Amino acid sequence: VIDIRKLYAATGSFTYDPGFTSTGSCESKITFIDGDEGVLLHRGYAIQDLAEHCDFPEVCFLLLNGHLPDAAEKENFEGIIRRHTMVHEQLTRFFSGFRRDAHPMAIMCGVVGALSAFYHDSTNIDDPKQRMIASHRLVAKIPTLAAMAYKYSVGQPFMYPRNDLSYSENFLYMTFGTPCEPYKVNPILSRAMDKIFILHADHEQNASTSTVRLAGSSGANPFACIAAGIACLWGPAHGGANEAVLKMLEEIGSVDRIPEIVRRAKDKNDNFRLMGFGHRVYKNYDPRAQVMRATCHEVLGELGIKDEPLLDIAMELEKIALEDEYFIEKKLYPNVDFYSGIILKAMGFPTSMFTVLFALARTVGWISQWKEMIEDKDQKIGRPRQLYTGETRRDFVPLAQRG
Ligand code: ACO
């Protein structure tokens, strides 16, 4: 009989860490999180400062290049991004292969992966110039593809990007504009969009980023790696949580049902969890959630939405949960997804687009992490081990003698 554990012990060190709760997989200079203190820094800058003072392209530049751009660098970067906003015309036909009711995240997995078939030069990942071009293409094209996924789902014509608009304005225009009537982008909403993108831009080695790194560690095409990240993000325990939060708030329906919901969340025999609460790393208030809550009030104010029952339910739920022993003891605080759904709904996005917007914003984080990994000479192909708990060696029995 083979004792697998002895075998592992004989081969040197072996760490069994399901869910990688305490295993570092790489070195990184991009994002720092102190989960106990509720701190999030990108390249050393606090997320609150970036959300307050920067626009999204500046944060993209920062993540990709390591420093905030000066005015000339910013202009040049924005020019490069504008140059790449269009997608190959042939890709538009790719969309029509999907059912109209396909989830837009399913479409995104497909079309972003398909970019790898259009940009063969990106297979030369050893060339730093090509790596940067692939990164720029992704950041530039992802809003176009996300807006196309939306337009396809509602049966409206695709809108071509408008390069006289800012990154967020252009995305709102491609999503909500139509060829029939002029669409004027509300500056408060485009600023809120920018903030939402900034708050989702990167978050160190979360599940989808680790997926991108793992896929990229084999030398795969960067567009295919980002498609892998999108697939991972889709799950309700990760990026799909913003969609799940809104569904949950709608199901709760009224403030008086909150105690019952909180009871269910605490019941060990019930699989129900409070969506938008808890985080693997933050054991304090997620700093992104604080900015998101303030943005939520701004957007509803701008749109003149005085009574939003979902916001009332969310605020009451937060209040009750934060005073509850169970949530205090387990350090469960609202995360970034808790308020984002309410803002996105108010802006006119259907729930099925929420995770797409997350993917759009996170693309720059994914590709920055991918680039950093490729540039790290010590990086090996990712290859976790396992603790084998199956059968030990058995004698083979020919088919005729089984049963
Ligand atoms: N509601 C109720 N109880 C919870 C919740 C919740 N939202 N989250 C965690 N718990 C409890 C668990 O039941 C567990 O209890 P136990 O110790 O008695 O078994 C304990 O808190 C620890 O939970 P884990 O699942 O072990 O924590 P983990 O770090 O693996 O999970 C996660 C983190 C997935 C985010 C979890 O908190 C969760 O499912 N939250 C709801 C989904 C969500 O909002 N996801 C978005 C995360 S942020 C992002 O991806 C951008």
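**Figure 1. Hairpin of β1 and β2.** β1 and β2 form a hairpin with 4 residues between them. In its turn, Gly38 has a positive phi of about 70°. The model is predicted: local features need pLDDT of at least 70, side-chain atom pairs count only at pLDDT 80 or more, and totals for chains, interfaces and linings use all residues. Residues are numbered from 1 along each chain as its sequence is written. Strands (E, at least two residues) and helices (H or I, at least four) are DSSP runs, numbered from the N terminus. β2 covers residues 39-42 and runs antiparallel to β1, with 4 bridges joining the two. Phe32 has Leu41 as its bridge partner in β2. Ile33 stands opposite Leu40.

**Figure 2. The open sheet of 3 strands.** The strand order is β1-β2-β3, and the pairing is antiparallel. The edge strands, β1 (31-34) and β3 (45-46), each pair on one side only. Two strands pair if DSSP finds at least two bridges between them. β2 and β3 pair over 2 bridges, in the antiparallel sense. Here Leu41 has Ala46 of β3 as its bridge partner. The hairpin of β2 and β3 has 2 residues between the strands, and Arg43 takes a positive phi near 50°. Which residues of β2 lie on its covered face? They are Leu40 and His42, while Val39 and Leu41 form the uncovered face.

**Figure 3. The largest nonpolar core.** This core has 103 residues. A nonpolar core is a set of buried Ala, Val, Leu, Ile, Met, Phe, Trp, Tyr and Cys residues joined through C-beta atoms within 7 Å. Buried means that 20 or more other C-beta atoms lie within 10 Å of the residue's own; exposed means 12 or fewer, and partly exposed lies in between, with C-beta atoms placed from the backbone. Met108, Val112, Ala146, Ile226, Ile230 and Leu357 have the most contacts inside the core. Ile230 is in contact with Met105, Met108, Cys109, Val112 and Ala359, leaving aside neighbours within four places in sequence. A contact requires C-beta atoms, placed from the backbone, within 7 Å. In soluble globular proteins, nonpolar side chains tend to be buried together.

**Figure 4. Helix α3, residues 56-65.** This helix is largely enclosed by the rest of the structure, because 8 of its 10 residues are buried. The buried residues are Phe56, Pro57, Val59, Cys60, Phe61, Leu62, Leu63 and Leu64. Just after α3, Gly66 takes a positive phi of about 95°.

**Figure 5. The ligand shell.** Around the ligand are 19 residues. The closest are Ala241, Arg273, Phe277, Gly278 and Arg280. By class, the shell has 8 nonpolar, 7 polar and 4 charged residues. Ala, Val, Leu, Ile, Met, Phe, Trp, Tyr, Cys and Pro count as nonpolar, Asp, Glu, Lys and Arg as charged, and the others, Gly among them, as polar.

Figure 6. His120 is found in the loop between α6 (104-118) and α7 (128-154). Why is His120 exposed? Because 9 other C-beta atoms lie within 10 Å of His120. The C-alpha atoms of His120 and Phe396 are separated by 47 Å, and these residues are 276 apart along the chain. Tyr183 lies in the loop between α8 (167-176) and α9 (187-199). Tyr183 has 16 C-beta neighbours inside 10 Å, so Tyr183 counts as partly exposed. Not counting residues up to four places away in sequence, Tyr183 touches Tyr173, Phe176 and Gly177.

Figure 7. Phe20 is a residue other than glycine with a positive phi, near 50°. Phe20 is placed in the loop between α1 (4-10) and β1. It counts as partly exposed, with 14 C-beta neighbours inside 10 Å. Lys331 is not a glycine either, yet has a positive phi of about 55°. Lys331 sits in the loop between α16 (325-329) and α17 (337-347). With 13 other C-beta atoms within 10 Å, Lys331 is partly exposed.

Key: Two residues are in contact if their C-beta atoms, placed from the backbone, lie within 7 Å. A residue is near a molecule or strand if its C-beta atom, placed from the backbone, lies within 6 Å of it.
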